[in-house]
Amino acid sequence: MSDNPSQHPAGPTQELVSDVFARGCTSRAAFEDVTSKWASLALLALGESRYRFNALRRRIDGISERMLSQTLQTLERDGMLTREVLTAIPPRVEYSLTPLGARVAEQLRGLADLLEASVPELQTARDTHERDRA
């Protein structure tokens, strides 16, 4: 590559600019994936420990087998978790977070902690809203 400044673009090319507000940005697609209810809960659970599929399904109360499978595939595609097939009889599969997934889960944990600590305030707001609508 030449050191001649006239041959370099004035700034980064559009492909290198990340903007979660831009429709086609990879970060926006990953943001949508991570902030879905089931993906957020899966990341939070995997932030606690490695899980086998059925144990993870039990940990995330209310998720269907199909939805968990789709969620895990999406998070694996985005580089948030790894799927490890363990040689055993019968074969076992364990899921764990990648370094990126662990960083994302840590941020989600802060949000979850805030919401859990705010349950009385949330309930009061919901009750007030319902009463005012009646």
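## Sheet, cis peptide and nonpolar core

R92 of β3 is the bridge partner of L86. The model is predicted, so to speak of local features requires pLDDT of at least 70 and side-chain atom pairs count only at pLDDT 80 or more, while totals for chains, interfaces and linings use all residues. Residues are numbered from 1 along each chain as its sequence is written, and side-chain values use heavy atoms, without hydrogens and water.

Strand β3 covers residues 92-97 and runs antiparallel to β2, with six bridges joining the two. Strands are DSSP runs of E with at least two residues, helices are runs of H or I with at least four, and both are numbered from the N terminus; two strands pair if DSSP finds at least two bridges between them. The sheet is open and has three strands in the order β1-β3-β2, with antiparallel pairing. Because β1 (51-52) and β2 (81-86) each have a single partner strand, they stand at the edges and one side of each lacks a neighbour in the sheet.

The loop between β2 and β3 holds P90. The peptide bond leading from I89 to P90 is cis, with omega near -5°.

The largest nonpolar core contains 24 residues. Such a core is a set of buried Ala, Val, Leu, Ile, Met, Phe, Trp, Tyr and Cys residues joined through side-chain atoms within 4.5 Å, buried meaning under 20% relative accessible area (1.4 Å probe, protein chains only). Strand β3 gives two or more residues to this core, as do the helices below.

| Helix | Range |
|---|---|
| α2 | residues 37-48 |
| α3 | residues 53-59 |
| α4 | residues 65-77 |
| α5 | residues 99-117 |

The largest share, seven residues, comes from α2. L43, L46 and L56 are among the residues with the most contacts inside the core. Beyond four places in sequence, L43 touches V34, L75, M80, L97, G101, V104, A105 and L108, where contact means heavy atoms within 4.5 Å.

Note on methods. Buried means under 20% relative accessible area, exposed over 50%, partly exposed in between (1.4 Å probe, protein chains only).
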